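Have a look at the sequence and coordinates first.

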Amino acid sequence: MGTLYFSVTCSQSSLCSNLREFNSGRRNSKFFLLRSLHFGQSRRSLLIRRVASHQKQEFKDPVTEEALLDTFVPDSASIASSIKYHAEFTPSFSPEQFQLPKAFYATAESVRDSLIINWNATYEYYEKMNVKQAYYLSMEYLQGRALLNAVGNLELKGAYAEALKKLGHNLEDVVRQEPDAALGNGGLGRLASCFLDSLATLNYPAWGYGLRYKYGLFKQLITKDGQEEVAENWLEMGNPWEIVRNDVTYPVKFYGEVISGPEESKQWVGGENIKAVAYDIPIPGYKTKTAINLRLWSTKVAPEDFDLHAFNAGNHAKASEAIKNAEKICYILYPGDESTEGKTLRLKQQYTLCSASLQDIVSRYEKRSGEPVNWENFPEKVAVQMNDTHPTLCIPELVRILMDVKGLSWEKAWNITQRTIAYTNHTVLPEALEKWSLELMQELLPRHFEIIRMIDEELIKTIVAEYGTGDLDLLQEKLKQMRILDNFEWPESVAELFVKPEENSSLDPIKEEDVSNEEIKTISDEDEPEEQDPAKKNEETLEPESTPPKMVRMANLCVAGGYAVNGVAEIHSEIVKNEVFNDFYELWPEKFQNKTNGVTPRRWIRFCNPDLSEVITRWTGTEDWILNTEKLMILRQFSDNEDLQSEWKEAKRRNKVKVASFLKEKTGYVVNPNAMFDVQVKRIHEYKRQLLNILGIVYRYKKMKEMSPDKRRESFVPRVCIFGGKAFATYIQAKRIVKFITDVGATVNHDPEIGDLLKVVFVPDYNVSVAEVLIPGSELSQHISTAGMEASGTSNMKFAMNGCVLIGTLDGANVEIRQEVGEDNFFLFGARAHEIAGLRKERAEGKFIPDPHFEEVKAYVRSGVFGPYNYEELMGSLEGNEGYGRADYFLVGKDFPSYIECQAKVDEAYRDQKRWMKMSILNTAGSYKFSSDRTIHEYARDIWRIEPVVLP
């Protein structure tokens, strides 16, 4: 499907566009057309017409036409006219008033006009040049608000602020009217969004693909009972950034059967059929004309699938059954999957993303290639990146399209697929890798099951060829670890190798350990959003021994079907090679790479922290650090400078005042901006150890209560401890942790003896917009996961970039951050990754001796000081040596004394404000490496092999 272009044809000359010359002289700025409308007494009409059929006449050389616009930029007057135009002619509100909600939508539509021009020019040029393009597939994108980011990237923030002021509004007030797009939850989605920003800014030809969730994950409410979930309402008033492409739809099939045709061809027929409809969102780059695309799929059925006969007969539910079945695919991000229906819906979501996106990619390739299509050249023009295992079905889906639709042989289709698709791993533990029931896969996607079986047999052949049949025990172990189909019959080609005469069986005799009958998704990293109570794994081992279930191991399919596999931090990539996929690494070492994550410095410091950005620009002597973060290292030479430290401290204080105001608005708690702001905001999960943090706070509170007021003030630095994050709706233990934090806060915050010396605040419904307030005002940030369990993390990078000092374990990207900011500027504690297995073994053998202070804290919690709620399950999980929900799997007790000791060092450092300001400056200076621009350059060079395409 081709890109749609837009033109504006005026019915009266007074409505024609007014170009105003821009004489700023900024190099590499991008400028664009914007309407300046003159309103008279009579209503004007505006004709919008699709020009796809008139491209030769009106777009003979679109790039040249765009170049003519480079000398123009809208000023505040033309922008104000554009906003007024949209308020009148594209209204979502009644015409009588121009209140803030209406002002936001009109402003966003005005900005979108500007984006469309850059967007169209970008893709007209890509079509013309027929460049290789990367396609990034992710189940989630945590975009945040778009308005401020868009006007910032377009360098129009000042002009829009002035225009809105003329219209009676403040830009910041208008920006706050925008709801966060409910398309993601955690680091996985935020990483994808940072990547899109960097791709556009660096002029790489790329698209993102995802699903358009109507209700998101959930909106989090904090009540006296803890976390409650309600549906998101972000689409209630419409989304001004998206453009529905009703002409870009693709069929998606479920169930049915596979029938054989002539010449060994296969056809997938019958079953349930839906349509995927494209919704496009432009993603602008910073100081560039490039605007790339995020294409989201929504699902529906054709009108004839509405059963009119059933409706008229009074059977209304049956009449709309097909519609509901289609629409619910895009209702919720990560629907609960404890039931068979939930699992089926999740698999439908994953296949919808893969099928619609691959059909679209193939269609675009065919359009660009012309006739005849050279499919061998497909990998030279297309690179598909799977963000974790959710899009794994891209592999069999591309094979299906090439074989069943385009008529290629199995050998050619498989070879093309293996040269096209790459995989990013975000999960460090083998038991956490995604698996699907083979029975469900075979029922829901029968053709894909056949293809996956063919891929499995191909992989078995490769393994047998590599290791031979001389050592059958070794071969059997390799096959056990590497096969895609787990606990499945051997193919005939190798079955006879493992036949034991006394058993005369062709089945794999190996028993599966620690596997459930359900899809296994337990422990994940910052970038993997789904939670399941990890204790369930222990519970399953208590069940009577039974026949292991047949499963499809999606991660193994990713490695076998992709040409590149990357981890997301240096320590994580080593774990991937040496533990998670060691057998695959030995077979294909050339596939494995590291690509340490990064975050966009535009959103995460330049736009969300303008006060500190001005200080950085002043002391580095340039704004180039926004695009070239290596220039942040200039700050190192001034880290002891008293003037810089003074400016730095003042910028931080202004941000802390904003945080204090925000906390009062959201929670009612009043906090002192002069206290240290200590923040842990991320998904609630046992391995991220919010429990360790709050138990440390309880210990601090208990010690305060035991002291006299003078001793208390002498011993402790005042702190405001801020938490935020969502617990997955079915993750009971995580929800207990949320409840515990809020109960501790309710007690501590109302204790007159403690006053401002300690406050504990849980911010509800943590999202990107909340992060943009909290991170600039943070002084200490906690990244305290059990070592070896966080693949990377990205919030640690955002905090460091904003001059926040980190306390953490040697886990994920913490390792590299500590290297760059300096060991003296990072508070390190806890066991190391290589020690974890031994410590768990020691615990299981009953050799662990708990710290007395840890026992003291647990007893204090059980005393009821924080209310009547029974925390026995929570405290009990930290006790015992084995069993369901016990044995302190995440080593909270083991690391507790080291953590308390480290926190004392934090207090000591904070008392010396000169030292603390130096540490803060050096954190920002050392964060230069963690720009997503660096990460994307590495993906483009080493995996996708694409080049920047700069519009003339």
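## Ground rules

This is a predicted model, in which local features need pLDDT of at least 70 and side-chain atom pairs count only at pLDDT 80 or more, while totals for chains, interfaces and linings use all residues. Residues are numbered from 1 along each chain as its sequence is written, and side-chain values use heavy atoms, with hydrogens and water left out.

## The whole protein

The protein has 38 helices and 24 strands. Helices here are DSSP runs of H or I with at least four residues, strands are runs of E with at least two, and numbering starts at the N terminus. Of the 952 residues, 60% are buried. Buried means under 20% relative accessible area, exposed means over 50%, and partly exposed is in between, with a 1.4 Å probe and protein chains only.

The accessible surface is about 36300 Å², and carbon and sulfur atoms hold 49% of that. Those areas come from the Shrake-Rupley method with a 1.4 Å probe; for residues, only the protein chains shown count as cover. As for contacts (heavy atoms within 4.5 Å), 79% of those with a separation of 6 or more are between residues 24 or more positions apart.

The mean pLDDT is 89, and 87% of the residues score at least 70. In residues 1–69, though, pLDDT is below 50, and the model gives this stretch 147 contacts beyond near neighbours in sequence. Residues 503–543 also stay under 50, with 140 contacts beyond four places in sequence. The score is the predictor's confidence in each residue, from 0 to 100. Where pLDDT is low, the predicted coordinates should not be read in detail.

## Two helix pairs

Two packed helices are described by the angle between their axes and the distance between the axes. Axes are lines fitted to C-alpha atoms, for helices over the stretch in contact, and angles run from 0 to 180 degrees between N-to-C directions. Angles under 35 degrees count as roughly parallel, over 145 as roughly antiparallel, 65 to 115 as roughly perpendicular, and the rest as oblique.

How do α36 and α37 cross? The axes of α36 (residues 892–911) and α37 (residues 913–926) come within 5 Å and cross at roughly 105°, so α36 is roughly perpendicular to α37. On the α36 side the contact uses Val 906, Ala 909, Tyr 910 and Arg 911, and on the α37 side Gln 913, Arg 915, Trp 916 and Met 919. Sorted by class, that is 5 nonpolar, 1 polar and 2 charged residues. The nonpolar class holds Ala, Val, Leu, Ile, Met, Phe, Trp, Tyr, Cys and Pro, the charged class holds Asp, Glu, Lys and Arg, and the others, Gly among them, are polar.

Helix α14 (residues 394–405) packs on α17 (residues 446–467) at about 100°, with the axes 9 Å apart, and α14 and α17 are therefore roughly perpendicular to each other. Residues of α14 in the contact include Ile 395, Val 399 and Met 403, while those of α17 include Ile 451, Ile 452 and Ile 455. This contact has 8 nonpolar, 1 polar and 4 charged residues.

The peptide bond from Glu 371 to Pro 372 is cis, with omega near -10°. Pro 372 sits in the loop between α12 (340–369) and α13 (378–381).

Which way does phi go at Lys 287, positive or negative? Lys 287 has a positive phi of about 55° although it is not a glycine, and Lys 287 lies in the loop between β10 (272–284) and β11 (291–300). Lys 287 is partly exposed at 24% relative accessibility. Tyr 334, also not a glycine, has a positive phi near 50°. Tyr 334 belongs to the loop between α11 (321–327) and α12 and is buried at 3%.

## Single residues worth a click

Asp 583, in helix α23 (residues 582–587), is buried, with a relative accessible area of 16%. Setting aside residues up to four places away in sequence, Asp 583 touches Tyr 467, Lys 478, Gln 481 and Met 482.

Met 551 is in strand β16 (residues 551–553) and is buried at 1% relative accessibility. Met 551 and Asp 486 are 65 residues apart in sequence, yet 5.1 Å apart from C-alpha to C-alpha. Glu 873, in helix α35 (residues 872–876), is exposed at 53%. Beyond its neighbours within four places in sequence, Glu 873 contacts Gln 733 and Arg 736.
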